[in-house]
Amino acid sequence: MAASEILFKSVAELAPLLKARKLSPVELVRAFLDQIEAVNPKVNAFITITREQALEQARKAEREIAAGGYRGPLHGLPYAPKDLLATKGIRTTNGSQVTSHWIPDHESTVTARLNQAGAILIGKLNLLEFAMGSGQKGLVGPARNPWDLAYSPSGSSSGSGAAVAAGMVPLAIGSDTGGSIRNPAKSCGIVGLKPTYGRVSRFGVTTLSWTLDHVGPMARTVADVARLLQAVAGPDPRDRTAAAVPVPDYTKALTGSIRGLRLGVPTEYYFDRVHAETEAALRRAIALLKELGAVLVDVTVRNAALCGVVSSIILSSEAAAFHEKRLRENGDLLEPLVRERLEVATFHSAADYIRALRLRTVLMEEMRRVFQICDVLMLPAGNAAPKLDAEIVGTDAPSDPPLPPRPDSYNIANVTGIPAIVLPCGFTAGPPYLPLGIQFCARPFDEATLFRISHAYQSATDWHKRRPPLQG
Amino acid sequence: MTVSRRRLLQSLALTGVGNPAVEGAEPAIALDVLRNVSAAHGANLSDDRLRVASPVLERRLPQLRAFREVEIEDTVTPTQGILDK
């Protein structure tokens, strides 16, 4: 099989080939390593490439499968995590000079579970510094958008979005504190899921904000994201925020049927700053979902405008607390924007933080009300990717007035803990031809319903099958 | 469990949303004030760092003021565990 065919196949297509020994894990890993070698100098998605270890693991997988020890649908498949997930014995930089030589003595729960499932670590992915830097700097420079190298892949899981879109790895892990999985997924034309708070363990994941951070899967198809979540979800004694909630079989949600599903569409606020081209793509997607059987419901999210400042105060206060020692001892090594944000956050009072948590309670109550009248809430996923040199502000960073506040379509899910998924729903008329995304949110721990509606939409469209013009 | 919608809209107006004229209307924060607050919070930022933080804080002040003015019912408690599990 030609390497170019392998690179853009889904897990659903590759896994049976591996299981039936029609494709060797070694052949597969080599194809992706070759693509990384050819494309990464342009896209800059990887900080570290674990070539030798990956090939060694691939040979081991090959032996295991040949001996009848097939572990499941991820066995023999390459993956890469954002470089703030600790990997034992492998450098974990957080995209920062401060931790550029850190070699953890422990493994994050997520990477441990993927390794246990037989997936093969192929490298560590670029990101905004500590998930809160600018889109322009970082330890190794910015990742670039494979659809147009002059554009940003968005952050902070910038390398995760870019690597999957460019066919450098089929499965990636990102983290999301205010949209950092979903925004790059949108900008790179792939699928990204922020699970429910507590669904996926954060043990071994460098903190940005204890109560807003989430870890989640990124891939080209909804089905692949579902398989990846299946492997990493569930309680973890090493993370007391990981919930003891049963993990269902997500493949059962991939039915293609959404008849009778109540799809909430916001009637105000969230579309306010969405470009006409993006809104048109979203309206077409909504119309298609209605054709597929969804029942459209008008929804108003009360107090939606509060979410931005609530998120900003919680995030920056917790980040300043987490980085207190780093800021004091290594402030000079931090990217200027990161340092500035952490220092400014030291001026928040405890009363501000508690007030933000009280308003968070109000917003969570509101989402409970919203999900009594709909099963899924559709929200925009922002506009197309910005130019790289225009992206001063990282997704997870608080916006500084006088920059106009954005519609808070991402961080409402972080503030309230509900799951949210983004998938491609069109492209700009171009040039440049950049992906556009749609977002769905659901009740806590109801990722299955997100997979149900997203898979139905993806089965009826082909946006996810397009490949960026950048090839090796 | 609500906050006053009228008050919220007033507050948003205070932040300068849709009204660029409001931006920059805040008086400058004296360096001495920042130095004292920073010391009280235990951060002890240098004057050089305070000069970096100062314009950002000044820009944010209207938004923070609006945030602090949102009325919340007394029955509303801070979120503890963020979800009922």
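**Note on the predicted model, chain A**

1. Leaving aside neighbours within four places in sequence, Ala163(A) is in contact with Ala45(A), Phe46(A), Ala80(A), Leu125(A), Met168(A), Val169(A) and Ala172(A). Contact here means that the C-beta atoms of two residues, placed from the backbone, lie within 7 Å. This is a predicted model, in which local features need pLDDT of at least 70 and side-chain atom pairs count only at pLDDT 80 or more, while totals for chains, interfaces and linings use all residues. Residues are numbered from 1 along each chain as its sequence is written, and chains are lettered from A and ligands numbered from 1 in the order in which they are written.

2. Tyr79(A) and Ala163(A) touch the most other members of the largest nonpolar core, which has 153 residues. Such a core is a set of buried Ala, Val, Leu, Ile, Met, Phe, Trp, Tyr and Cys residues joined through C-beta atoms within 7 Å. A residue is buried if 20 or more other C-beta atoms lie within 10 Å of its own, exposed if 12 or fewer, and partly exposed in between.

3. Helix H3 (residues 25-43) of chain A packs against helix H4 (residues 51-66) of chain A at about 155°, the axes being 8 Å apart. Helices are DSSP runs of H or I with at least four residues, strands are runs of E with at least two, and both are numbered from the N terminus. H3(A) and H4(A) are therefore roughly antiparallel (angles over 145 degrees, on a scale from 0 to 180 between N-to-C directions). By class, their contact has eight nonpolar, no polar and three charged residues.

4. Helix H10 (residues 307-322) of chain A and helix H13 (residues 350-373) of chain A cross at roughly 135°, and their axes come within 9 Å. On the H10(A) side, the residues making the contact include Cys307(A) and Val310(A); on the H13(A) side, they include Asp352(A) and Tyr353(A).

5. In helix H8 (residues 222-232) of chain A, eleven of the eleven residues are buried, so the helix is largely enclosed by the rest of the structure. Among the buried residues are Asp224(A) and Arg227(A). Gly234(A) follows H8(A) and has a positive phi, near 120°.

6. Ala381(A) lies in the loop between strand S10 (376-380) and helix H14 (411-416) of chain A. Ala381(A) counts as buried because there are 29 C-beta neighbours inside 10 Å.

Terms used: Parallel < 35°, antiparallel > 145°, perpendicular 65-115°, else oblique. Nonpolar A, V, L, I, M, F, W, Y, C, P; charged D, E, K, R; others polar.
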